[in-house]
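This briefing concerns a predicted model.

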Amino acid sequence: MPTICPCGSKKEYIQCCSPFIYQQSLPRTPEQLMRSRYTAFVEKQADYLLKTLHPSKITENTQHHIQSTINTTQWLSLKVIDSGLQKGRKDIGWVEFVAFYHTKNTPDTVTNVDQLHEKSQFIFEQQWFYTQGDILPAIKLGRNDPCWCGSGKKLKTCHKSL
């Protein structure tokens, strides 16, 4: 039974992020890596998140931090705003995105929808790695904008929060 990839590409999961997460192939662009990392958070794939984080950024607390984020966050949808390579470079890239999520207060309750608006940085060293992200101000969605959930409906007729 085909399932749509959580990364927002509208492609089937098996033809999108699955080959990266299950190490059948490597992402060819920073955007593919960012989308697959988002999907790994959705699917609770901490090992992939560690494998795609640049080794210079890994500390003794990294695995705990990733697992804590996985345990306390329900990722809802992803919107890629822009991506590219640094001018004159093929080994440094970036992706600007907004990820919508719930923070889990207890196992049975969630808070309102929040968002992570970030411009992520990537470097290619035999494979793409995430290096860091600059947190940007939350985007403002208008009532007539498409809903953050990806339904295709206007925000005012779908999810009114945010």
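**A buried arginine and the packing around it**

R37 lies in helix 2, which spans residues 30-42. In this predicted model, R37 is buried and yet has no salt bridge.

**Surroundings of R37**
- The nearest side chain of opposite charge belongs to E118, and it is 7.6 Å away from R37, whereas a salt bridge would need a side-chain nitrogen within 4 Å of a carboxyl oxygen.
- The side chain of R37 does make a polar contact, at 2.7 Å, with the side chain of T52.
- Apart from neighbours within four places in sequence, R37 is in contact with Y48, L49, T52, L53 and Y130.

**The buried side of helix 4**
- In helix 4 (residues 62-72), the buried residues are T62, I66, T69 and I70.
- These residues lie on the same side of helix 4, because they cover an arc of only 100 degrees around the axis.
- An α-helix has 3.6 residues a turn, so residues three or four places apart point the same way.
- The partners against which the buried residues of helix 4 pack are helix 2, helix 3 (46-51) and strand 1 (73-85).

**Nonpolar cores**
- The largest nonpolar core comprises 28 residues, and C17, L78 and F122 have the most contacts inside it.
- Among the elements that give two or more residues to this core are helix 1 (18-21), strand 2 (92-106) and strand 5 (128-135), while helix 2 supplies the largest share, five residues.
- Leaving aside neighbours within four places in sequence, L78 is in contact with residues including M34, Y38, F97 and V98.
- A second, separate core has eight residues, among them V98, I139, C147 and L155.

Key
Residues numbered from 1 in each chain as written. Predicted model: local features only at pLDDT ≥ 70, side-chain atom pairs only at ≥ 80, totals over all residues. Heavy atoms only, no water. Helix = DSSP H or I, 4+ residues; strand = E, 2+ residues; numbered from the N terminus. Buried < 20%, exposed > 50% of the residue type's maximum accessible area, 1.4 Å probe, protein only. Lys, Arg positive; Asp, Glu negative; His and termini not counted. Polar contact = N/O pair within 3.5 Å; in protein donor to acceptor, adjacent residues only side chain to side chain. Contact = heavy atoms within 4.5 Å. Arc of directions from axis to C-beta. Core = buried A, V, L, I, M, F, W, Y, C linked by side-chain atoms within 4.5 Å.
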